[in-house]
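User: I would like to learn how to read a protein model, one feature at a time. Please start with the overall layout.

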Amino acid sequence: MSQAPLNIPGVVMVSLSEAYAIAIGHHRAGRMGEAAGVYRAILDADPRQADALHLLGCWRGRPGGGRRRCR
């Protein structure tokens, strides 16, 4: 994963790896709106970042906005 800094709302500039860790923390805590915002910021910086793309897609593709677990 690239280490270019990016801006996440409410967070100072972080690397993509740090941003991904923040997104996963939100995701695991059920804060999907916050996680989705970070996934989008990651994809703005690196559109080929497969993990962020996959997890955002799982959330957006589920009925009810992703309440079921994504594999």
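Analyst: Along the sequence, the protein chain runs in the pattern β-β-α-α-α. That gives three helices and two strands. Both kinds of element are DSSP runs, numbered from the N terminus: helices are H or I with at least four residues, strands are E with at least two. This is a predicted model, in which local features need pLDDT of at least 70 and side-chain atom pairs count only at pLDDT 80 or more, while totals for chains, interfaces and linings use all residues. Residues are numbered from 1 along each chain as its sequence is written, and side-chain values use heavy atoms, with hydrogens and water left out.

User: How do the axes of helix H1 and helix H2 cross?

Analyst: An axis is a line fitted to C-alpha atoms, for helices over the stretch in contact, and the angle runs from 0 to 180 degrees between N-to-C directions. Here the axes of H1 (residues 16-28) and H2 (residues 32-45) come within 7 Å and cross at roughly 160°. H1 is therefore roughly antiparallel to H2. The cut-offs are under 35 degrees for roughly parallel, over 145 for roughly antiparallel, 65 to 115 for roughly perpendicular, and oblique for the rest.

User: Is the crossing of H1 and H2 left-handed or right-handed?

Analyst: A crossing is left-handed if the near helix is turned anticlockwise from the far one by less than a right angle, and right-handed if clockwise. The crossing of H1 and H2 is left-handed.

User: Which residues make the contact?

Analyst: Contact means heavy atoms within 4.5 Å. From H1 the contact includes Leu16, Ala19, Tyr20 and His26; from H2 it includes Met32, Glu34, Val38 and Ile42. By class, the contact of H1 with H2 has twelve nonpolar, two polar and one charged residues. Ala, Val, Leu, Ile, Met, Phe, Trp, Tyr, Cys and Pro count as nonpolar, Asp, Glu, Lys and Arg as charged, and the others, Gly among them, as polar.

User: Why does Val38 count as buried?

Analyst: Buried means under 20% relative accessible area, exposed over 50%, and partly exposed in between (1.4 Å probe, protein chains only). Val38, in helix H2, is buried because its relative accessible area is 3%. His26, in helix H1, counts as buried at 19% relative accessibility. Leaving aside neighbours within four places in sequence, His26 is in contact with Arg31, Glu34, Ala35 and Val38. Of the 71 residues of the protein chain, 37% count as buried.

User: How many residues does the largest nonpolar core have?

Analyst: A nonpolar core is a set of buried Ala, Val, Leu, Ile, Met, Phe, Trp, Tyr and Cys residues joined through side-chain atoms within 4.5 Å. The largest one has 17 residues, and Tyr39, Ile42 and Leu56 have the most contacts inside it. H1, H2 and helix H3 (50-61) are the elements that give two or more residues to this core. H2 supplies the largest share, seven residues.
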